[in-house]
Amino acid sequence: MSMSFNLSGFSQLHARLQTLSDVEATKAGQAAVRAGGALLARKIKEAAPVSNVPEGKQITRHNKNGSTRMETHYKIVNHIKVKKIKTQGGKVEVSVGVVKGYHVKFVEMGSIHNAANPFMKNAFEANTQEVIDKMGQMLGKQLVKRGA
Amino acid sequence: MIEAKLVQRITPICANVFPIVAPANPPVPCVVYQQIGFDPTRDISDDEQTEGFKDFQIDVYSTRFLEAKQVARAIKISLKEWDDDDIGSVAWTNELNWADSTTDVYYYRVTMHFTFYDRAI
């Protein structure tokens with residue numbers, strides 16, 4: 001899938017960011033990526049399929065040796081979270097994903113007998129520009145707040 | 001139609017090729033393909049969309065991990081070399097090695113994502 005997005009204005013934001021100390025610049029960046037991550041999480045939640053299997057139900061899973069195990073069913077829409085990632089070298093990152101729910105990868109990418117439903121991929125691609133714009137807006141606000 | 005050409009290209013590598021899902025108790029190794037995205041090109045002088053990028057997910061299943069990997073690698077090489085009047089470009093964009101434990105039989109699985117530029121949609 002081709003993806004294009006508009007980053008105009010970011011070079012000016014970057015120049016203002018460099019006038020801050022490392023600590024303040026990092027805090028501003030973290031707020032911006034958190035805002036973008038939260039928006040993306042909302043979009044993924046809107047796109048996520050919802051089954052009629054209730055949260056907490058015990059489901060039988062197959063093991064490699066032919067045995068089975070019981071697992072708790074977690075509904076995808078209830079467990080889409082934004083998590084901060086530890087990074088080095090001045091980077092700020094968050095991950096947006098499903099934190100509980102063994103079956104989510106089989107929903108997203110299907111299984112041998114079930115079609116793929118790439119709701120996360122589609123949500124990401126359909127909302128990339130909006131997420132970038134959100135991050136730019138939040139970064140701008142954080143820079144004003146910090147006097148840059 | 002890209003699907004017919006895709007099957008034509010994969011079948012010499014793996015004869016068991018299925019669209020979307022495999023049948024019950026499939027012969028292995030087997031390949032399952034599915035279109036998962038589409039981005040038509042937009043020409044300001046022509047409203048009709050005749051070309052575009054198509055995303056495909058291609059899965060190789062086997063009860064033996066190395067067999068799945070070998071088949072996947074051969075498919076990847078074949079598709080990356082694909083160049084004809086209908087397919088403008090092929091990009092291999094992702095690969096995941098994992099397992100499918102959704103059935104009584106445990107399958108090793110190689111999932112690959114490709115983006116094709118299709119000139120004949």
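Let me begin with charge: chain B carries 11 positive and 19 negative side chains, and the centres of these two sets are 9 Å apart. Please keep in mind throughout that what we are looking at is a predicted model.

Staying with chain B, you can follow two helices and five strands, and if you trace them from the N terminus onward, the order reads α-β-β-β-α-β-β. The C-alpha trace of this chain spans about 55 × 25 × 20 Å along its principal axes. Chain B exposes about 6,100 Å², of which carbon and sulfur atoms supply 50%, while buried residues account for 47% of its 121 residues. If we take the contacts in chain B between residues at least 6 apart in sequence, 60% of them join residues that are at least 24 apart.

Now to the inside. In soluble globular proteins, nonpolar side chains tend to be buried together. Which residues have the most contacts inside the largest nonpolar core here? That core has 22 residues, and the ones with the most contacts within it are Leu6(B), Val31(B), Ile58(B), Val60(B), Leu79(B) and Phe116(B). Two or more residues each come from α1 (2-10), β2 (30-40), β3 (52-62), α2 (65-80), β4 (87-100) and β5 (107-118) of chain B, and it is α2(B) that gives the most, with five residues.

Gln142(A) sits in helix α5, residues 128-145, and Asn117(A) sits in the loop between α3 (104-108) and α4 (119-126). Is Gln142(A) buried or exposed? Gln142(A) counts as buried because its relative accessibility is 10%, and the cut-off for buried is under 20%. Asn117(A), by contrast, has a relative accessible area of 32%, so it is partly exposed.

Their contacts can be listed too, again not counting residues up to four places away in sequence: Gln142(A) touches Ala28(A) and Ala31(A), whereas Asn117(A) touches Pro49(A), Val107(A) and Glu108(A). Finally, Asn117(A) and Ala48(A) are 69 residues apart in sequence, and in space their C-alpha atoms are 9.1 Å apart.

Key
Residues numbered from 1 in each chain as written. Chains lettered and ligands numbered in written order. Predicted model: local features only at pLDDT ≥ 70, side-chain atom pairs only at ≥ 80, totals over all residues. Heavy atoms only, no water. Helix = DSSP H or I, 4+ residues; strand = E, 2+ residues; numbered from the N terminus. Buried < 20%, exposed > 50% of the residue type's maximum accessible area, 1.4 Å probe, protein only. Contact = heavy atoms within 4.5 Å. Areas by Shrake-Rupley, 256 points an atom, 1.4 Å probe, with all protein chains shown as cover. Lys, Arg positive; Asp, Glu negative; His and termini not counted. Charge placed at Lys NZ, Arg CZ, Asp CG, Glu CD. Core = buried A, V, L, I, M, F, W, Y, C linked by side-chain atoms within 4.5 Å.
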